[in-house]
Amino acid sequence: MVPQVVWKPVWMCWTLLASLASADLNCAPSPARQRGSVYVRLGAEGSTGRWRRGLLDEFPGMGAGGPGHGGSSRPEAVKLTNPRPEEMELTSTTFALAGDSAHNQAMVHWSGQNSSVILILTKLYDHNLGSVTESSLWRSTDYGTTYEKLNDKVGLKTVLSYLYVCPTNKRKIMLVSDPEIESSVLISSDEGATYQKYRQSFQIQSMLFHPQEEDWILAYSQDQKLYSSSDFGRRWQLVHERITPNRFYWSVVGLDKDPDLVHIEARAADGYAQYITCRIQNCSEAASSTPFPGYIDHNSLVVQDDYVFAQVTSGGRVTYYVSYRREGFAQMKLPKYSLPKDMHIISTDENQVFAALQEWNQNDTYNLYVSDARGAYFTIALENVKSSRGPEGNVMIDLYEVAGIKGMFLANKKVQKQVKTFITYNKGRDWRLLEAPATDLRGKDLHCLLPYCSLNLHLNVAQNPYTSGNIGSKDSAPGIIVASGNIGPELKMDKDSPTGSMFISSDGGNSWRQIFEEEHSILFLDQGGALVAIKHTPQPIRHLWLSFDEGRSWSKYSFTSVPLFVDGVLGEPGEETLVMTVFGHLSHRSDWQLVKVDYRSIFSRRCMENDFQVWKLHSQGEPCIMGETRIYKRRRPATQCILGKKYREVVTSVPCNCTDKDFECDFGYERHSDGRCLPAFWYNPSFMTKECSTGQSYLNSTGYRKVGANNCTGGVRDQYTAKRHLCSSRAPRGLHLVTSDGILATVSGQNVTFIAHLEEGDIPRTSLQIEFGDGTAVTYANLSSVKGGIKHVYKHGGVYRVIAKAKNNLGSTRAILFLHVNCPIEHVHLSLPYVAITNQEVNLTAVVLPSTTGPLTYFWWIENKTEPIITLEDKASVRFSKEGINSITVQVSAGSSILQDVKSIAIFDSYRSLLLSFTPNLEDHNPDIPEWRQDLSRLVKRTLGEVTALPEQRMLLAILPGLPTAAELYILPHRDATEERLNSMSLDQISDMVINALNQNRIQFELKPGIRIIVSTAHLTLAPLVDSSPGHSGSALLMLLSLAFVGLAVFVIYKFKSALSSLIHHVGGTVREEWPLRAPGENPTTTESESTKEIPSYV
């Protein structure tokens, strides 16, 4: 259900031409969204479309589409319809919004509730800049007959971007300025007549009003912070940071004890998401709670009615959790092998969850599931429901809940690559195809026989709740459904050339009639007493159609004297719509034209008692639907009377005796062809709840459960109702041990929460013991006491074997978990020789601090190789076949922490090496840092070249870390013919020449004025030249030995932690093998940080 979750979807109650008012629609706002005004989005000039200039779009922040996205284009379908009576005129007035012709967006709010005030905010949205550059605010106090421009009242230089209306007090208006110019809000308490401006310290992205307290608002900022206000936006205070967009909710009345409580999804410092509850006045860590034990998936928290939903992904598998009425979270039980990839919650009405799941083997379809009252156990309702992607990438499922009739849904199901429309009257227990009309619009027989031919409908509701969708119904007009579609073996879905006709049902979907051959938008007037139809066309129009007999006949009315390109239509808020506003323009560059159409004049009188008739809801003659018969009092067709605002719908319901139609298959059971519910192959019907203890009782399913919100009584109810059985003592079985976040790695010093889960057993009589693997253990008398998890802190790194054991007097079971505890890596040092011989093995060592970091992974990157050598040890070996300088990088990974060190090694076929020492006065000037050693090595090498005429290209010199200062000189073979004398000399002769110069004290330099340093060969010493104390960074194991013959000292020095392979070199003409030496008890120390690359001075 990540990232596209639909909760209590607004689209279920959108009408074809929906009313304007925010709270008057009988559906809850989308999460973290506020419905308060209408947002009019306009398309590019010159485009052709269903609404020529643009579409009436959603309220700011409703999420279906951001500013600047235009509507889709649809060419007009040219078809003949039945002849219509001569047109009549409607009472209408036209007003032009002068000066706003360039504005391409508008937001409209119609107050309603006996108010004649309409507010319109028009804007010029710059698609390139992504911001609003101009705006105008208009206000009408006479139902839209005239408008006053209010720019001077809000500030002539103020650019407004959004308009919000308080849903519980529509007199309170809030305007938000465009943050690119200034960050402020303008507040009105008199329906927009006057405003006060308040500066803001943050940029508002969306708002959420409190469902009861009219002055309480939550505001989400562009930098992902949540603010609260208790005085309708005049002052704000920070609630929390790092909030997930649209994942914040006010408290639910009757469930949360504090009205100022908020539910939020916030990211912790480590980036993981948490479910947090707190009061807006204090949301500190100490004052907040985390109802879910552990982390949840990003963008997964939803609080809806009695339920809270979250999801956790572990090991590539998604697990969904639900909390019912703020109790502890329980795993949502789905059929074992559904393995969902995506989930959408369709509805949480009537104490039941209706969900759509895309399972592992589905791509463009979803399966519908219904739950028990607690939202925990789900069973299949309908398979392979068609889905598509909306303009913003959101998933749209072809499912429509019919307004005014409980339990009635329409769905488009994919059947052998054909999409067909099905209908249910009992919330998914039974489905059937729609029976097509017997005749078409001209009275011609259609001969459409089920199941080969049926009526198929487009169930797409508008992405915007205030524009026309393909289907509509109203609570105040039960049984009347209007939709576009086609007759045939499947639904036609050619978006480029729509050919859908319009159909209507006035008996709750049992029978249908064709009313138009082209697509129209339909508006319900006066609680369904009349229907208004406006044709979808890119051409200018001046008339519409009216029906007073549930679509059986239509009369043509003109609503304007001049043809108008229609941009959108808005009806007066509420079920009793009698006034509507048509938005349009005379040409592509003209001012906006607002046509107010007043239908009150076409109703001749008030409705009387004899104007009504009784209508009984049925399904193909079956009167018992959802366990009761429902009788509605409806206006007689063709009765041209008005109900008015005070009329209330009359419904009488009588319970029916229960039949098998009132029961669906319970969790773990599947319906077979004979209608029986039998256990699925993976389900154990004798399963006993874990909380069931000896002496208690439990309900054992019969395989059936009553359909949610079904009101039947008696009949077969007892036969299908779960039976109560005594609990028996059982040995524990199927113990699982996991961490709360599903991660098997942690950092030392942090809390780890272990969750023990038992598949079967007597939980109240089963003890639990956990050994944490670090020498500590804990025992609990029963598993019931550890539902919140078991916390433990590891002080040191390592891999710990955690053992959980559940035991009672009938047996025991255990589970094992291996937990990796890491310490953050502070330092990495790569140790390797400066020089090596071709085709000889070179040993590499990585030294890591601290040494108790836990399990580590080493990645050794060798020069030009594309794949690293990966080891679990701190050593690796490599050979080089060619001469040259090679770069070696070691990366050490400990959990999410990775550090590296880089070194270079010179490879030659042969070379000679000399160990050098310096006069003691150098020690006073040696800071023992890499940069100083590199500069000194260049100076020494330059001095050697000047005295001996040896080219610097044939020398590699490394100043060794530590004190006293020492160096290693490598004499390399010649590579060019620039020096004939040197080229004719062997390496041994050159080495002797250098040694003579050193012994004669000819190699000396001035470090700084007055400080002269003499370089010589090293003398015999048994003390290491490396300071291995923690205060100094020294090389890993350096031991200097002098040879006691005639001052000759020719060495190859290796710095390794353990014995290395020998390097063969010549000393005095003999072949020798030398191994590294280590001082007794000496430990390696690091020399430089992982970001320093220290190499010998060579080229």
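Is Val799 buried, partly exposed or exposed at 45% relative accessibility? Val799 counts as partly exposed, where buried means under 20% relative accessible area, exposed over 50%, and partly exposed in between (1.4 Å probe, protein chains only). The model is predicted, local features requiring pLDDT of at least 70 and side-chain atom pairs pLDDT 80 or more, whereas totals for chains, interfaces and linings use all residues. Residues are numbered from 1 along each chain as its sequence is written, and side-chain values use heavy atoms, without hydrogens and water.

Val799 is found in strand β62 (strands are DSSP runs of E, at least two residues, numbered from the N terminus). Together with Ile816 and Phe818, Val799 forms a nonpolar surface patch with about 250 Å² of accessible area (Shrake-Rupley method, 1.4 Å probe). Patches comprise residues with over 30% relative accessible area and no salt bridge, like charges being joined within 9 Å and nonpolar side chains within 5 Å. A patch of positive charge contains Arg801, Lys805, Lys807 and Arg814; strand β62 (residues 798-808) gives the most to this patch, with 3 residues.

The whole structure holds 38 salt bridges, each defined as a side-chain nitrogen of Lys or Arg within 4 Å of a carboxyl oxygen of Asp or Glu. Among them, Asp100 pairs with Lys149, with the closest N and O atoms 3.8 Å apart. Asp100 lies in the loop between β4 (91-97) and β5 (105-112) and Lys149 in strand β8 (residues 148-149), so the pair ties together parts that are 49 residues apart in sequence. Asp100 is buried, at 1% relative accessibility, whereas Lys149 is partly exposed at 33%.

Conventions. Lys, Arg positive; Asp, Glu negative; His and termini not counted. Charge placed at Lys NZ, Arg CZ, Asp CG, Glu CD. Helix = DSSP H or I, 4+ residues; strand = E, 2+ residues; numbered from the N terminus.
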